[in-house]
Every structure is written in C-alpha cells, then in structure tokens.
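Hi there,

Here is the structure I promised to pass on to you. My notes on it follow below.

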Amino acid sequence: MLLIYTEKITNRVKFTMGLYFRDILHVKYELTSDQQAFEAYDGPKMSYGKSPVKDELFLAAEHILFERKIKHIDLNFIDFEGIPAFFPVYNKLSALPFDPLAAGFYIVTRYEEYLPYKKDEYGRFSAKESIAFQKGFLHKPVVNIWATKIKKLLSERYANLEFNAPKYKFIPTIDIDAAWAYREKGLFRTFGGYLNALYHADFKGIAERTRVLAGTQNDPFDTYNFQLKIHRRYKLNPIYFVLFAEYGLNDKNIPFRNRKFQTLIKSLADHARVGIHPSFNSNFDFKRLKSEVERLSHVLNREINLSRQHFLMVQLPGTYRNLVNLDISDDYSMGFAAQPGFRAGICSSFRFYDLDLDTETKLRIHPFTYMEGTLKDYMNLSVNEASAVIKPLIKEVKEVNGTFISIWHNESLSNAHRWQGWQQLYEEMIQEAMVK
C-alpha cells in the first residue's frame with residue numbers, strides 16, 4: 001500500500017488522489033495528515049506539499065488543491081518531455097518540475113469552464129477556448145501520461161509497490177438522432193419533406209423518399225443489421241444513445257410514441273446497452289429531461305443509467321447536476337463537437353467533481369476521443385484524411401492503457417450520399433482499435 005502525506009486533506013486533495021491512484025493507476029493507497037504516523041510507516045510512501053518529510057518520493061504542491069474558491073488563474077507553462085505542462089514548481093527536491101496533481105485537477109474538473117468564456121452558436125464551451133487547444137496538447141491524454149510518469153517514479157523507488165495495471169479498452173458508441181431518414185415521420189413531416197425537396201429541386205431525393213415509403217428500397221438510415229453483424233464479428237459491446245424527445249428545432253427523431261420506433265429500441269437493447277440521448281431543449285428544462293428518461297425507461301422496462309447529451313451540450317455544473325438528480329450513473333458527453341481529442345485531458349473514466357459545491361459526485365464521466373461528425377462536418381475531412389486523424393488518437397490511448405471511445409451515428413454508417421466510404425472507415429477504425 002502507498003501512504004500519501006499532505007498537511008491538509010481537502011475535498012480537492014481527496015478527489016485528485018482518487019483520480020490518479022484509484023481511477024488511473026489502480027494502486028492501493030491511503031491519505032494521512034499525521035506526520036508521525038507517516039514517518040513511522042516503513043512501506044512505499046509519497047508526500048505532497050511545500051517540502052518533503054524525509055526521503056520519500058516528494059511532489060511539490062501548488063495551492064489550488066488547498067482552496068475552495070474558483071478564480072481566474074494565470075497559468076504558466078513549461079515543456080515537460082515534449083508536452084506542455086502547467087503549474088511549474090521551483091523546489092529542487094520535487095520529483096517533477098511541475099505539479100501534475102494540480103494540473104490534473106484543473107483540466108479534469110474543467111475548471112476553465114466555470115470561468116467566463118465566449119460561447120459557440122449553441123451555447124457550448126468550444127474547443128478553441130480551451131487551454132489544451134491553445135497550447136497544442138488537445139490530442140494528448142496528458143493526465144494519463146502524467147500518471148504514468150508518477151507510477152514510474154514510484155516503481156523505481158519502491159520495487160515492491162503493486163499496481164493493478166489497467167487494460168486498454170475500446171467501446172464503440174452509436175447515437176440515434178434520427179432512426180430513419182424517411183420512414184415513420186408522420187403525414188405532416190413527410191409532406192413537408194416533399195415540399196422542401198421540391199423547393200431545392202432535389203428530384204433524386206423525392207424519388208428515393210418515394211421508393212422507401214413504397215417499400216421498394218431500404219431507408220438509408222436503417223443500418224442496424226450492418227451494425228449488429230459487424231459488432232458480433234468483432235465481439236464488441238456497443239452502447240446506443242437514443243433521442244427520445246418531443247419534436248423541436250434541434251430534436252428531430254421519430255415521434256417517441258411510434259410503435260415501430262419503440263420496437264427498434266427494444267431490439268437494440270436485446271444485444272447492447274441503451275442510454276438516453278437528452279434532447280437539446282432538455283438542457284433548459286429539467287422536467288423535460290426527467291420525462292425523456294422516464295419514457296425510455298418505461299419502453300425498455302428497466303432503469304436508465306447511461307447518458308450522452310444531444311449536440312454534446314455540456315454546461316457545467318448544471319448539465320451534470322441534472323443527471324445526478326435523476327440517478328444517471330454514467331455520462332459519455334465529455335468531448336468537443338468541433339475538434340477530436342481529449343477535452344478533459346484524460347482517456348480514463350472519472351467521477352464528476354462539482355467545483356461550485358466542492359464535492360465529488362457519484363456520476364462517472366467517460367470521455368470520448370472523437371466523433372465522426374467532427375471530422376466530416378466541422379473539419380471537412382475526406383475519408384482518408386479522417387483515417388489519418390483517428391489512428392494516432394487510438395495509439396495515444398493504447399500507450400497509456402486508457403479507454404478509446406468513438407461516436408458514430410446510424411446515418412453515417414449508411415455508405416450513402418455524403419457518407420459514402422465512411423462505413424468502410426468504421427470497420428477500419430474497429431480493426432485498428434482492436435489490435436492490442
């Protein structure tokens with residue numbers, strides 16, 4: 001067991017030690033502020049503070065973990081083994097030239113998102129506002145990298161310290177924003193679709209819609225058989241997130257009362273985990289969110305405990321507080337819509353820490369690495385260009401034994417229209433991700 005000494009054990013200290021040593025490094029540890037007990041302990045030990053106690057591994061501490069307030073911090077950066085690091089320390093006895101615990105806390109809790117920032121068109125914190133993007137390390141899971149460095153330092157000093165090494169994992173996830181392109185839309189929306197296509201002189205679209213509705217052609221968004229076959233072929237356990245909401249400007253799935261839509265969801269739940277995809281409008285209406293979760297729970301006849309926000313709408317701390325209040329246990333929304341990479345600087349799951357309340361919650365956050373729509377729509381990449389982005393990200397996750405989570409949609413697996421070639425890319429991504 002690793003004994004960690006610090007003069008003051010705050011909620012921030014407890015969370016951060018749990019993040020590094022429980023969630024990432026999987027090592028047994030205890031925290032103490034009893035210096036005499038620490039000195040008497042003859043096993044592996046580490047201190048975190050202003051100065052070392054004796055000859056243990058020592059990390060010099062910045063002050064952020066010993067505070068409760070949220071304030072603007074002028075971050076100073078240094079280069080550490082080719083990657084930007086912040087919160088530099090100037091104690092020669094420190095094992096590292098910066099405070100990885102303070103830096104990890106800052107980026108994982110999304111401290112910068114509690115400060116004033118310029119919102120994007122949907123009211124989100126954008127990738128370009130983040131220090132990771134601005135300093136060029138958004139593509140690096142820096143917290144995992146720093147944790148691995150701490151593990152190395154401990155292992156060199158204490159050869160008998162046992163780490164239950166985490167294993168690399170891959171979790172494919174599918175969002176269902178629109179279960180079908182043409183089917184089951186209802187008379188009003190179907191008629192509106194024809195009018196819109198006619199207005200834009202989209203005669204191919206009119207013909208395709210007609211064939212689908214007549215039953216002579218498969219709906220282009222109906223890629224569920226392909227998904228089932230490929231996931232079974234590679235023995236994968238995907239997670240589906242279903243938009244199950246009232247119709248709105250940014251929420252345009254099949255009506256939730258539609259029997260065929262409900263049957264589809266039940267069939268997905270027979271071979272995969274299914275979670276809620278809270279609507280865009282639910283971000284501003286807790287009752288609406290609660291209703292969506294209850295509806296899906298009723299259809300599946302089971303508790304709903306998984307979630308990913310539609311449009312990746314994460315506004316801290318409100319979005320996550322709402323999920324906590326509905327007993328959602330796991331959320332998969334942590335990532336940027338406009339850029340691939342590691343929004344929270346990490347590729348391991350962690351518990352949501354409510355900075356305003358200075359409290360670690362039970363909600364576990366599972367950061368994703370990229371979304372296919374980011375590559376296609378925000379970055380305007382071709383299939384080959386997208387592949388060149390995906391492969392290095394997978395490599396980054398593998399190198400730190402993290403969890404690689406991708407986001408795709410049933411639409412993007414259609415291999416039709418603007419998604420031609422992307423179905424093949426999905427399988428190539430799976431093959432790359434499956435290689436240990």
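The exposed residues N225, K229, R232 and R233 sit on the face of α8 that is turned away from its buried side. Exposed here means over 50% relative accessible area, buried under 20%, and partly exposed in between, with a 1.4 Å probe and protein chains only. Helices (H or I, at least four residues) and strands (E, at least two) are DSSP runs, numbered from the N terminus.

Before going on, a word on the source: this is a predicted model, in which local features need pLDDT of at least 70 and side-chain atom pairs count only at pLDDT 80 or more, while totals for chains, interfaces and linings use all residues. Residues are numbered from 1 along each chain as its sequence is written, and side-chain values use heavy atoms, with hydrogens and water left out.

Back to α8, which spans residues 224-233: its buried residues are Y224, Q227, I230 and H231. Viewed down the axis of α8, these buried residues fall within an arc of 135°, so they line one face of the helix. That arc is taken from the directions from the helix axis to the C-beta atoms. An α-helix has 3.6 residues a turn, so residues three or four places apart point the same way. The partners that the buried residues of α8 pack against are β7 (169-176), β8 (239-242), α9 (259-269) and α14 (422-434); contact means heavy atoms within 4.5 Å. Just after α8, K235 has a positive phi of about 55°.

**The parallel sheet**

Four strands form an open sheet in the order β2-β1-β3-β4, with parallel pairing; two strands pair if DSSP finds at least two bridges between them. At the edges are β2 (29-32) and β4 (57-60), each pairing on one side only. From one strand to the next, the twist averages 20°. Strand β3 (residues 45-49) runs parallel to β4 and is joined to it by four bridges, and S47 has F58 in β4 as its bridge partner. Helix α5 (residues 142-157) packs on this sheet and touches β1 (2-5), β3 and β4, its direction making about 150° with that of β4. Axes are lines fitted to C-alpha atoms, for helices over the stretch in contact, and angles run from 0 to 180 degrees between N-to-C directions.

**T361**

Leaving aside neighbours within four places in sequence, T361 is in contact with V324, R351, F352 and D354.

Best wishes
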